[in-house]
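The wider chain and a few single residues come after.

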Amino acid sequence: MDLRYPIGRFEYRGESTEEQRREFIDRIEKTPARLRATVAGLSDEQLDTPYRPGGWTIRQLVHHVADSHLNSYCRFRLTLTEDSPSIKGYDQNLWAELSDSHTAPVEVSLALLDALHRRWVMLLRSMTAADFARTFHHSEQGLVTLDRTLALYAWHGDHHTAQAALGAGKPVA
C-alpha cells in the first residue's frame with residue numbers, strides 16, 4: 001500500500017450520472033462524522049505524530065481538510081454565480097505549516113467541517129446536471145467542471161480520513 005494514497009489516487013472517469021452524484025454528495029455529507037470518529041480519543045502526542053514518515057501530522061490533516069473544503073465550497077458558490085470565474089490555487093503545504101495548523105485544537109476544524117458540510121450538502125443537493133456542468137478556470141489545473149470537483153471532494157474526504165486512520169492505528173475504511 002502507498003501510505004500517501006491508502007485508498008488509491010483520485011480518478012475522474014468523465015461526467016457523472018445522477019446516481020453517482022448522489023453517492024458523492026452522501027460521502028461528502030459523511031466526511032465530518034467519519035473524520036471526527038477517526039481522531040476521537042487521540043492524545044495531543046498522537047495528533048502531533050505524522051501519519052507516515054515525511055507526512056503531515058494527524059492534526060495538520062484535520063486542519064487541511066477544513067481549509068480545503070472551505071475553499072471548495074467557495075469555488076462552488078463562485079462558479080454557480082459567475083460565468084466561468086478564475087480561481088487561484090494555493091500552496092497547501094505552506095498552509096499546513098502555518099502556526100494554527102500545528103497548534104489549534106482539532107475540534108476547531110471539526111466544528112467548522114460540521115457546519116460547512118451542512119451548508120455545502122444543501123447546496124449540492126439543490127444543483128441540476130446543468131449546474132454540475134458549469135466550469136471555473138483554475139490557475140494550475142485549467143478549465144474544471146463542478147462535476148469533477150464534486151467527485152474529487154468525495155474522494156478527498158475519504159482520502160484524508162484514511163490517512164488519519166493509518167496514523168491513529170485504526171482500520172482504513
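The buried residues of helix 6 are covered by, among others, helix 1 (18–39), helix 2 (44–47), helix 3 (58–81), helix 7 (129–132) and helix 8 (146–168). Helices (H or I, at least four residues) and strands (E, at least two) are DSSP runs, numbered from the N terminus. Buried means under 20% relative accessible area, exposed over 50%, and partly exposed in between (1.4 Å probe, protein chains only).

This is a predicted model, in which local features need pLDDT of at least 70, side-chain atom pairs count only at pLDDT 80 or more, and totals for chains, interfaces and linings use all residues. Residues are numbered from 1 along each chain as its sequence is written, and side-chain values use heavy atoms, with hydrogens and water left out.

Which residues of helix 6 are buried? They are Val106, Ser109, Leu110, Leu113, Leu116, His117, Trp120, Val121, Leu123 and Leu124. Helix 6 runs over residues 106–126. At 1.5 Å a residue, its 21 residues should span 30 Å, and its end C-alpha atoms are 30 Å apart, which agrees. The expected span is 1.5 Å times one less than the number of residues.

Now the whole chain. The protein chain has eight helices and three strands. Along the sequence they follow the pattern α-α-α-β-α-α-α-α-β-β-α. The C-alpha trace spans about 45 × 30 × 30 Å along its principal axes. For 173 residues, a compact globule would have a radius of gyration near 16 Å; the chain has 16 Å, in agreement. That radius is taken over C-alpha atoms, and the globule rule is 2.2 Å times the number of residues to the power 0.38. Buried residues make up 44% of the 173. Among contacts (heavy atoms within 4.5 Å) between residues at least 6 apart in sequence, 77% join residues at least 24 apart.

Some single residues deserve a look. Serine 16 sits in the segment before helix 1. Serine 16 counts as buried because its relative accessible area is 6%. Beyond its neighbours within four places in sequence, serine 16 is in contact with Arg21, Phe24 and Asp147.

Serine 84 lies in the loop between helix 3 and strand 1 (86–87). Serine 84 is not a glycine, yet has a positive phi of about 45 degrees.

Leucine 98 is in the loop between helix 4 (92–97) and helix 5 (99–103). Leucine 98 counts as partly exposed because its relative accessibility is 49%.
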